[in-house]
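Hello,

Here is the structure I promised to pass on to you. Please have a look at it first, and then read my notes below.

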Amino acid sequence: MKIDRMLEIIIYLLNHENVSARFLAERFHVSVRTVQRDMVSISMAGIPVYSNGGKHGGYSILPTYQMKNSDVRAEEQQMIMKALESLATSYSNDTLQSILEKYNAFVEKEGGQKIFWDFGVTKENQKVQKMNTDLEKAIEEKRYINFDYRNANGEPSSQRVEPLAIHYKWYAWYLFAYVPAKGDYRTYKIARIQNLKTEQTISTDEHGNIEQLMLDSEQAYYSTSIHIEVRFAKEESGLMEEYFPDCPIEKVSDEECRIYIDVPAKERLWKALLLSFGDKVRVVAPESYRDELICTAKSFLSNYDI
């Protein structure tokens, strides 16, 4: 719609000093003539837009014209902006980029930046980013999807689900969905999804509070966690506290400490983490988990001539 495009143009000009008509035409998928007409309408609406002639000319808004947000303090504005910008480093989304453009137009930029975050290391590959976009569309249109999937143990399956939400946790993107064949809700790691296809079939089911359903599902997952006693060399206390900040460290002797942790039964990451400590860490209980770690270590060493 014209009014939406004009608002986007105003916001973009507030964040950029000089923008050519050709660039705006390409950005908003209209003709240069349409941009020129929009500029006339924007000017008539009281926004002080003006044009710069010459080879590098374009449109600008008077620097003295500012849109202020008096209800949010400068430090709060900084925090919101950095949170949005940091999210953008890990998640490709046109709506998020639009939010950044809009919020940039409202916040004060005085005082300099004090906080720097970068989640770029958590950004998943282009395949996952593309799948996130397709899943968002399917969720919005309430369409069923089909895909091939491999679980944490590498076991393959074919799935038909109603996608309800995508969410980011444990350094990865996940799909929360309703499985009609089982009448239950499941969570899928998006990186393990293959051959995603969206059906034309539209769901008529009402699921209520999706956020609460996700919370219930997560609690059910953690209810299967294993309570593990880990003993470790005293000099490893710093790292153990870093990796398990909510688990108190107990002193066993002058040389050894212990910690109790709860880990999901099917999560392989924790095994890799414990094994990474080498001979500085040993699992005491339960015996089944200790034996499982020993078996994993032996399997790894069997690849080598030792």
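What follows is a walk through the model, from the overall make-up to single residues.

First, the ground rules. This is a predicted model, in which local features need pLDDT of at least 70 and side-chain atom pairs count only at pLDDT 80 or more, while totals for chains, interfaces and linings use all residues. Residues are numbered from 1 along each chain as its sequence is written, and side-chain values use heavy atoms, with hydrogens and water left out.

**Overall make-up**

Of its 306 residues, 34% are buried. Here buried means under 20% relative accessible area, exposed means over 50%, and partly exposed is in between, with a 1.4 Å probe and protein chains only. Among contacts between residues at least 6 apart in sequence, 59% join residues at least 24 apart, a contact being heavy atoms within 4.5 Å.

Helix H3 covers residues 32–44, and its 13 residues should span 18 Å at 1.5 Å a residue; the end C-alpha atoms are 19 Å apart, which agrees. (The expected span is 1.5 Å times one less than the number of residues.) Thr34, Val35, Asp38, Met39 and Ile42 are the buried residues of H3. They lie on the same side of H3, because they cover an arc of only 145° around the axis, the arc being that of the directions from the helix axis to the C-beta atoms. An α-helix has 3.6 residues a turn, so residues three or four places apart point the same way. Arg33 and Met44, on the other side of H3, are exposed. After the helix comes Gly46, with a positive phi near 100°.

Beyond its neighbours within four places in sequence, Ile42 is in contact with Met6, Ile9, Ile10, Ile47 and Val49.

E3 and E4 pair in the antiparallel sense over six bridges, where pairing requires at least two DSSP bridges between the strands. They form a hairpin with five residues between them, and Gly154 in the turn has a positive phi of about 80°. Arg150 has Pro156 in E4 as its bridge partner. E4 is also joined to strand E5 (residues 172–179), antiparallel, by seven bridges, and Tyr168 stands opposite Trp173 in E5.

His167 belongs to E4 (residues 156–169) and counts as buried, at 14% relative accessibility. Leaving aside neighbours within four places in sequence, His167 is in contact with Ala172, Trp173, Tyr174, Phe176, Thr187 and Met214.

**The four-stranded sheet**

Another part to look at is an open sheet of four strands in the order E9-E10-E8-E11, with antiparallel pairing. Its edge strands are E9 (249–251) and E11 (281–285), each of which pairs on one side only. Strand E8 (residues 226–233) is joined to E11 by four bridges, and Glu229 stands opposite Ala285 in E11. Helix H10 (residues 287–301) packs on the sheet, touching E8, strand E10 (256–263) and E11.

Between E11 and H10 is a loop that contains Pro286. The peptide bond from Ala285 to Pro286 is cis, with omega near 0°.

**Two positive phi values**

Finally, which residues other than glycine have a positive phi near 60°? His29 has such a value, and so does Lys142. His29 lies in the loop between H2 and H3 and is exposed, with a relative accessible area of 73%. Lys142 sits in the loop between helix H6 (126–141) and strand E3 (143–150) and counts as partly exposed, at 27% relative accessibility.

Best wishes

Key: Helices (H or I, at least four residues) and strands (E, at least two) are DSSP runs, numbered from the N terminus. Axes are lines fitted to C-alpha atoms, for helices over the stretch in contact, and angles run from 0 to 180 degrees between N-to-C directions.
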